[in-house]
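Dear colleague,

I am handing over the structure below for your reference.

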Amino acid sequence: MSSGARPRVFISRRIPEEGRALLAATCDVNSWESDEPPSHSEYLQAVAGVDGILCLLTDTINGELLDAAGPGLKVVSTLSVGYDHIDVKECARRNVKIGYTPGILTAATAELTVALLLATSRRLKEGIRAVENGEWGSWKPMWLCGPGLEGATVGIVGFGRIGVTVGRCLKPFGVASFLYSGRSEKPVEAKELGAMFVSFDELLAKSDFVVACCALTDKTRNLFNASAFKKMKNSAVFVNTSRGGIVNQNDLITALQSGQIGAAGLDVTTPEPLPTDSPLLKLDNCVVLPHIASATHKTRAAMAVLAANNLLAGLRGDKLPHEIQI
Amino acid sequence: MTNKKVYITRRIPKPGFDKLAEGFEVDFYDSDDAIPHQVLVDKLKTKRYDALLCMLTDQIEKEVLDAAGPQLKIVATMSVGYDHIDLQECAARNILVANTPGVSTDSVAELTVSLLLMTARRIQEGVSAVRSGQWGDWKPKWLCGTELTGSTLGIYGLGRIGFNVGRRLKPFGFSKIYYVDVQEVSYARDIDAQFTDFEGLIKNCDFICVCCNLTPQTRHMFNKESFKRMKKNAILINTGRGGVIDHDALVEALKNGDIQAAGLDVTEPEPLPKEHPLVAMNNCVILPHMGSNTWDSRNAMAEIAARNCLAAISNKTPEGIVFVQ
């Protein structure tokens, strides 16, 4: 980047205007003004010679793309808290900083996680369908009954920002006991909920509700597989709003079909979007949402601003507000 | 072997059956559907029942009570409401009436919050989009809903259910909680809820939960004029009684954008016909009166109804006794 020239930036999709405008004020912005992604070759072309890239979680930021961008690339800023789509080692090798958006989407994501848990456990999808199909007859004592949170054990896998906030929101529903598992104990956060640190296996065996709030890493890929579902209660409600890759989806389908677990609520799947003929969509005891955990006007706008600020800091050579360190 | 007999008008959860069997010979209508009126009348003539355990779908009036005979000691309903029972006729015959208060509060409060979240975060549309193939690649602005954080919540009716709704919603970060009731209540302090009047509620609130009974005062409280004065982004949730909302006015308000969305677990009438305009609307979620449908709640209701029957034949006062004025 020659002195005086504005930095060149590529934004790989149409993002909330607050973010784009912030970048356009000081940068030459090439923004892919569509809701659909650029093709592979279009993407490689668009990043040639740029100083910064603002990307989405559906983009693959790997060695090939970084090479296409060239040695001037200083920063990649993703509009997400997950960064499993970014080759962190390849970025480090080229001294490319990585920005992401933790914290700012915690409230919206926790909200949606609780909403999905309740929609699943209280069988709201079946209720709505009954109304639409004219199946709502006169009151019946045992129609569409489900488990309540009152007196239940909730197990949170991954007790990070989102997991802790989910726990906090669930507490007044009368949850009898919180369990959590993960890489390490979090005594401060756990104290507020009275949550107990246990092994993954113990959490599976004891929980009425199993909520997955962990990042997708090599250690968590396919964590929820046949063996895990076998250890869970037959009545258990499983909720995943983290990443589809932590679940062996075929094993989940089998577990739901055979009654090995009670129900599942998923905001993330493999692949995304989920094909309409997926067996998951034929199950009454499975609710699938199209990855909308952070989808509020407020949060998406805030994410866009944060991602833009991450990018601008990287262009200046400053520390990013939120940076991935390896 | 007991010689006391009870008739149950439906299949009920096992805890209820088992409890009744402790003191009664048990007969029941072996179906999940409501017993037809004539079938009930005929059945009650075949044996001398000491107790009748019924559902809110059964009209317990003169003909039924005549068929049952003078030895009937109690009509125990497996519900909180008892407007399906002719209290005067029962009183005239010295028949006790009992209901199942209190045990459904938690499940109804939980369902209310579930419905609010479902409506705010457009879960109905999300599920449809996945099923219909409208789910494309992740887009920053697609299906964005309304975040609870920083919003203002209003609770219309701060009884047991309203208060428990407020308690469950508190951690979601509302900037303010208002409530309306016939008078101020001290326990509102526990959820930092501020007393206001109806006008204050509709003017200030982004989310409104209707948690009140249906009375002549509350009937059609939410009408055309109210909707015009509510915030355009307002989301209205009703798990109280359908009649609190003028449904025709609601249809117009949702169509015109006078309010943003509505979530109803109770409607006028119930069931709501599937052709009703509200059913097809994207910004309206209709549930088929599911409020108390957790296993725990229904098991407890069955058990209390059974205990009410057992108390009556032991000359004790049933815990769910309804006093007739």
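Please note that this is a predicted model. Between chain A and chain B, 25 residue pairs are in polar contact, counting pairs in which both residues have pLDDT 80 or more. On the side of chain A that touches chain B, at least two residues come from each of α5 (106–121), α6 (124–132), α7 (161–170), β12 (286–288) and α12 (297–316). The element that gives the most to this side is α5(A), with eight residues. By type, the residues on the side of chain A that touches chain B comprise 38 nonpolar, 15 polar and 15 charged.

The extent of the interface may also be of use to you. Contact between the chains involves 68 residues of chain A and 68 residues of chain B. About 6,300 Å² is buried between chain A and chain B, and carbon and sulfur atoms account for 66% of that area. Of the area that chain A buries against chain B, A:R122, A:W136 and A:W139 supply 15%, more than any other three residues.

Charged pairs are present as well: five salt bridges are found across the interface of chain A and chain B. One salt bridge joins the side chains of A:K140 and B:D33, at 3.5 Å from N to O.

Finally, the largest nonpolar core has 95 residues. Those with the most contacts inside this core include A:L79, A:L170 and B:L148. Apart from its neighbours within four places in sequence, A:L170 is in contact with A:V114, A:L117, A:L149, A:V154, A:V175 and A:F178.

With kind regards

Key. Residues are numbered from 1 along each chain as its sequence is written. Chains are lettered from A and ligands numbered from 1 in the order in which they are written. This is a predicted model: local features need pLDDT of at least 70, side-chain atom pairs count only at pLDDT 80 or more; totals for chains, interfaces and linings use all residues. Side-chain values use heavy atoms; hydrogens and water are left out. Contact means heavy atoms within 4.5 Å. Buried area is the accessible area (1.4 Å probe) that two parts lose on being put together, summed over both. A salt bridge is a side-chain nitrogen of Lys or Arg within 4 Å of a carboxyl oxygen of Asp or Glu. A polar contact is a pair of N or O atoms within 3.5 Å; within protein, one must be able to donate a hydrogen and the other to accept it, and residues adjacent in sequence count only if both atoms are side-chain atoms. Helices (H or I, at least four residues) and strands (E, at least two) are DSSP runs, numbered from the N terminus. Ala, Val, Leu, Ile, Met, Phe, Trp, Tyr, Cys and Pro count as nonpolar, Asp, Glu, Lys and Arg as charged, and the others, Gly among them, as polar. A nonpolar core is a set of buried Ala, Val, Leu, Ile, Met, Phe, Trp, Tyr and Cys residues joined through side-chain atoms within 4.5 Å. Buried means under 20% relative accessible area, exposed over 50%, partly exposed in between (1.4 Å probe, protein chains only).
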